[in-house]
Each structure stands twice: as C-alpha cells, then as structure tokens.
Amino acid sequence: MNQYNTEQIFSVKGRTAVITGASKGIGKEIAKLLYANGANIALIARNEQQLKALKAELSDYDSRTRIYPFDLTQHDKLEALAESIYEDFGQIDILVNNAGINIQKPIEEVTLDDWDKQMDINLKSIYFLTKYIGVYMKKSNKGKIINISSQMGYVGYYERSVYSSTKGGIAQFTKALSIEWSKYNINVNTIAPTFIKTNLTEDWFEDPAFKERILNRIPLGRLANKEDLFGSVLLLSSDASNMMTGSTVFVDGGWTVW
C-alpha cells in the first residue's frame, strides 16, 4: 500500500460492516456511506419494510447488502444473529453500534420502564452484540468497533439523566474494551455527536426557545448535519485509525469545549 495514497489509507472496499439502527436517521446514512465506498453491509433494525426499502435504494439484487430485521433487546438471540451474519459474509471487519433511543423526562417522571428501555437498547444490546461479533473479529485478528455515543455522555443536560447515563456507559465500555481486546488488534472507538438534523429530531427544533438554547451552546453556531459524521466514520472504519483505540471523536461543533 502506498503510504501517501489517501484513497488506500481510508479505504473500506471489500470489508464487511455491521450497522445497527440502519433503517433510518444516522444509521441509514452511515450504511449509504460505507456501501458507496465499497463495503459489504449487514443492516440491522426492527422495521423490515424500511430495511427492504433501503436495500432497494442501494441495489436490490446486490449480494453486498443483506438485511436482518431484529429487535436488539432480544439479548438472548444476539449470539445467533452474529453467527448468521458471519455465515452470510464469511467475515466481519467493522461494527457500527448506532441503535439507540432517547426518552426525555425529568427524573421525577422517569419510570422503571423508561430506565429499562433505554438501558436495554442503548447499552446492554451494544455490550452483548459486541461480545458476539468480536468472536469473528478475533478469528481474523483485526476489527474496527465504532460506538455511536453522544456529547451527552460527557456533559449534562435537562431531562436526559437516563440517556446521559447510557451514553456515559458507552464511553467507559469503549475504554475498557479497547484495553481488553488490544491483543487481538481490534480498535474500539466512539463518535460523540451534538444535536443532528434528522427526522427524529426535527420536532424538537420547532420550539424556537429550545433551538436558540442549543445553538447558543455550539460555538460553530449550527446543528450538525448527517454528513458531518462521514469523515469520522471513514477514519475509524479504515486503516487510517490503526493506532487509535479507546478514543472519542467529538463531532459537536465545540459544545464540549466550554
């Protein structure tokens, strides 16, 4: 490989990437990005119709893309899911743990169900899916694990005590696992975005006061676009990040600098 050729350094061509929460929002855009750059992609989400629509949008008859309709809170079935993906592709090189939910409530209104739902999808499913996907990364003695966290795992904000707890947990999980799996040449890193314009967040910003509060906290003065994540995703998926592990890449416009 030419050490100065950036196309080669950042290449994901021929690699197999597993992406959770792939049917919409950030996950869908990451899937399109990796596919466009030559990766094979395994798409996981609960909504089968949305997954089929995404596969058709990419290439309905392309063996580089497979869909796996699956509820990640079925933790006892995650091992079988990982095995199925490996059998279909013969390798797993990249795992993007993107799926997550955010139930916004002050602590006084948080129920046990609110807590369990967010912990189950935002942290528990990531922990155990990573465990089982790691079995196959160890076989090839390499791998790239990317945990999509949030700036809220590093700072506080109103009505997000549970969500912030899950994202803070991801940050610590990333650090601990990066040490544990360094002997297998597996890189474990996190991306922590600020508020991003998606169909999931657009309703929040219909409140002018809320939007003004958020923009006032971002030194660059704007919300993130989905495309703002592309550089960090390619970095952490490719050989460009071979010496990075246990790190968090903040894509937050400077929020966490304050």
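Which residues does Ile30 touch, not counting residues up to four places away in sequence? I looked that up before anything else. Ile30 touches Ile19, Val96, Ile148 and Val233, where contact means heavy atoms within 4.5 Å.

**Ground rules.** Residues are numbered from 1 along each chain as its sequence is written, and side-chain values use heavy atoms, with hydrogens and water left out.

**Cores.** I went on to the largest nonpolar core, which has 29 residues. A core here is a set of buried Ala, Val, Leu, Ile, Met, Phe, Trp, Tyr and Cys residues joined through side-chain atoms within 4.5 Å. Buried is under 20% relative accessible area, exposed is over 50%, and partly exposed is in between (1.4 Å probe, protein chains only). Ile30 touches Ile19, Val96, Ile148 and Val233, where contact means heavy atoms within 4.5 Å.

**Ground rules.** I am working on a predicted model: local features need pLDDT of at least 70, side-chain atom pairs count only at pLDDT 80 or more, and totals for chains, interfaces and linings use all residues. Residues are numbered from 1 along each chain as its sequence is written, and side-chain values use heavy atoms, with hydrogens and water left out.

**Cores.** I went on to the largest nonpolar core, which has 29 residues. A core here is a set of buried Ala, Val, Leu, Ile, Met, Phe, Trp, Tyr and Cys residues joined through side-chain atoms within 4.5 Å. Buried is under 20% relative accessible area, exposed is over 50%, and partly exposed is in between (1.4 Å probe, protein chains only). The residues with the most contacts inside this core are Ile19, Ile30, Leu34, Ile41, Leu43, Val96 and Ile191. I checked where the core comes from: β1 (16-20), α2 (25-36), β2 (40-45), α3 (48-59), β4 (94-97), β5 (143-148) and α8 (230-237) each supply at least two residues. The helices (H or I, at least four residues) and strands (E, at least two) are DSSP runs, numbered from the N terminus. α2 gives the most, with six residues. I also found a second, separate core of 28 residues, including Ala82, Leu95, Trp181 and Val188.

**Helix pair.** The crossing is right-handed, the near helix being turned clockwise from the far one by less than a right angle. On the α4 side I have Leu78, Glu79, Leu81, Ala82, Glu83 and Tyr86, meeting Ser125, Phe128, Leu129, Tyr132, Ile133, Tyr136 and Lys139 in α5. That contact divides into nine nonpolar, one polar and three charged residues.

**Rings.** I get 11 aromatic pairs, counting rings of Phe, Tyr and Trp (its six-membered ring) with centres within 6.5 Å; planes under 30 degrees apart are stacked, over 60 edge-to-face, the rest tilted. How are the rings of Tyr86 and Tyr136 arranged, stacked or tilted? Their centres are 4.3 Å apart and their planes at 15 degrees, so the pair is stacked. This pair joins α4 to α5 across 50 residues. Tyr86 is partly exposed at 24%, while Tyr136 is buried at 13%.

I then looked at Phe195 and Trp255, with centres 5.9 Å apart and planes at 40 degrees, so I note them as tilted. Phe195 lies in the loop between β6 (186-193) and α7 (208-217), and Trp255 in the segment after β7 (248-251), so parts 60 residues apart in sequence are tied together. Both Phe195 and Trp255 are buried. Ring pairs also link Tyr157, Tyr158, Phe195, Trp204, Phe205, Phe210 and Trp255 into a cluster.

Most residues other than glycine have a negative phi. I noted Asn141 with a positive phi near 55 degrees, in the loop between α5 and β5. Asn141 is partly exposed at 40%. Asn185 also has a positive phi, near 65 degrees, in the loop between α6 (161-180) and β6. Asn185 is partly exposed at 43%.

Notes. Ala, Val, Leu, Ile, Met, Phe, Trp, Tyr, Cys and Pro count as nonpolar, Asp, Glu, Lys and Arg as charged, and the others, Gly among them, as polar.
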